[in-house]
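Opening my notebook on a structure that is new to me. I'll jot down what I look up as I go.

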Amino acid sequence: ENHRTTFVDAVVHLMSTMFLVTGGYIFAVAVPGVGIVWSICGSSMALIIGFFIPSACYLKIRSRKQLNPRSLGAWTLAIFS
């Protein structure tokens, strides 16, 4: 049974790797220029830096305190950003 589990894990790993490589290739061929890729990466990082990290830091600082409206807002922002 252990050998079969290892084989199944190897097949799943191979298939997911092939899916990621094929998807990356298709995306690279379909995008007309590198500027669009940089724009998407920049906007994604701006979202993380502007919304997720501050709310996560606030929640870490307030982790020992009781839940209040600001903490609830920070949780909402962290989940949906």
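Predicted model: local features only at pLDDT ≥ 70, side-chain atom pairs only at ≥ 80, totals over all residues.

I started with Phe7: exposed, at 52% relative accessibility (exposed is over 50% relative accessible area, buried under 20%, partly exposed in between, with a 1.4 Å probe and protein chains only). Phe7 sits in helix H1, residues 2-30 (helices are DSSP runs of H or I, at least four residues, numbered from the N terminus).

Residues are numbered from 1 along each chain as its sequence is written, and side-chain values use heavy atoms, leaving out hydrogens and water.

Next I looked at H1 as a whole. Zero of its 29 residues are buried, so H1 lies largely in the open. Its end C-alpha atoms are 42 Å apart, which agrees with the 42 Å that H1 should span at 1.5 Å a residue (the expected span is 1.5 Å times one less than the number of residues).

Then I moved on to H2, residues 34-61. I noted 39 Å from first C-alpha to last for its 28 residues, close to the expected 40 Å. H2 has a kink of about 30°, centred on Ile49 (the bend is the angle between axes fitted to the seven residues ending at a residue and the seven starting there).

Last stop, Ser71 in helix H3, residues 69-80. Is Ser71 buried or exposed? I found it buried, with 4% relative accessible area. Beyond neighbours within four places in sequence, Ser71 is in contact with Tyr58, Leu59, Arg62 and Gln66 (contact means heavy atoms within 4.5 Å).

Definitions and conventions:
Helix = DSSP H or I, 4+ residues; strand = E, 2+ residues; numbered from the N terminus.
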